[in-house]
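Subject: Structure handover

Hello,

Here is the structure I promised to pass on. Please open it next to this message.

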Amino acid sequence: MKINAVFLKKSGVRRTGFHTDDAEKSLLLIFAVMMVSVICGALAYTLNRNAFGGEIWNCFVALLTNTNGKSFIEIFSGFYIIDLFILLLLTVFGTASFGFFPAIITVFFRTVGIGTIGAYLFANYSFTGLKYYLLVILPGKVILFFGLLLAAQNSLRTSKKTKQIIDGKTGETIDRKLFFLRNAVCGAIFALSALADTCLMYFLSGKFNF
């Protein structure tokens, strides 16, 4: 996969002990988790609107009014801090032998709301809500998905290798500098996601009436 060609060392590098098959499997697993998460979020609202309606409306109103009286930097920071926290969790889990499943759960909970808000907007505002979702919310989240794929992959594979080392199943070592460098790249991708969210919210939200 092209992602692996850019983001990962070649499988022949002895130091990391990572192979292309492992990289592709981890990417597919993370992508599957993200898609299931989005679907679950949409189904949760669709099947029980009464339970979620009030809370989602409050969150949506907070999102719509996020630009009121705030500077561009303040809006950007509000979006970016959330994803930096997610990146911090994935970094911690990547350095721990037990971090495989917590990293998956972190990705699941970060993306589940994206499906919920999409279902809410379409159910309550029909194509106006769908248009808002596609034009204002989704573009930044596509960038976020890409960053999450890379960050979670880095976390899963490094955590797995850490466990193998602790269990004595391999004598190889992990390049910690490379691990943190990859996460720094993911941090930059998250910044692009937050920037896209901020620009779209700042310039397009006022064109929709809810």
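This is a predicted model: local features need pLDDT of at least 70, side-chain atom pairs count only at pLDDT 80 or more; totals for chains, interfaces and linings use all residues.

**Overall**

The chain has six helices and zero strands. In sequence order, the pattern reads α-α-α-α-α-α. The chain has 210 residues, and 45% of them count as buried.

**Helix 4**

Helix 4 covers residues 72-94, which is 23 residues. At 1.5 Å a residue it should span 33 Å, and its end C-alpha atoms do lie 33 Å apart, so expectation and model agree. Several of its residues are buried, including the aromatics Phe76, Phe79, Tyr80 and Phe93. Ile75, Ile86, Leu87 and Leu90 are buried too.

**Helix 4 against helix 5**

Helix 5 runs over residues 100-166. Its axis and that of helix 4 are 7 Å apart, at an angle of about 25 degrees. An angle under 35 degrees counts as roughly parallel, and the two helices are therefore roughly parallel to each other. The crossing is right-handed. Their contact has 13 nonpolar, six polar and two charged residues.

**Helix 4 against helix 6**

Helix 6 spans residues 176-204. It packs with helix 4 at about 150 degrees, and the axes are 8 Å apart. Over 145 degrees counts as roughly antiparallel, so that is how helix 4 stands to helix 6. This crossing is right-handed as well. The contact of helix 4 with helix 6 divides into 17 nonpolar, five polar and three charged residues.

**Helix 5 against helix 6**

The axes of helix 5 and helix 6 come within 9 Å and cross at roughly 170 degrees. That angle makes helix 5 roughly antiparallel to helix 6. Here the contact holds 20 nonpolar, eight polar and five charged residues.

**Cysteines**

How many disulfides does the structure hold? Two cysteines have accessibility values to note. Cys40 has 35% relative accessibility and therefore counts as partly exposed. Cys199, at 28%, also counts as partly exposed. The partly exposed class lies between the buried cut-off of 20% and the exposed cut-off of 50%.

Best wishes

Conventions: Residues are numbered from 1 along each chain as its sequence is written. Side-chain values use heavy atoms; hydrogens and water are left out. Helices (H or I, at least four residues) and strands (E, at least two) are DSSP runs, numbered from the N terminus. The expected span of a helix is 1.5 Å times one less than its number of residues. Buried means under 20% relative accessible area, exposed over 50%, partly exposed in between (1.4 Å probe, protein chains only). Axes are lines fitted to C-alpha atoms, for helices over the stretch in contact, and angles run from 0 to 180 degrees between N-to-C directions. Angles under 35 degrees count as roughly parallel, over 145 as roughly antiparallel, 65 to 115 as roughly perpendicular and the rest as oblique. A crossing is left-handed if the near helix is turned anticlockwise from the far one by less than a right angle, and right-handed if clockwise. Ala, Val, Leu, Ile, Met, Phe, Trp, Tyr, Cys and Pro count as nonpolar, Asp, Glu, Lys and Arg as charged, and the others, Gly among them, as polar.
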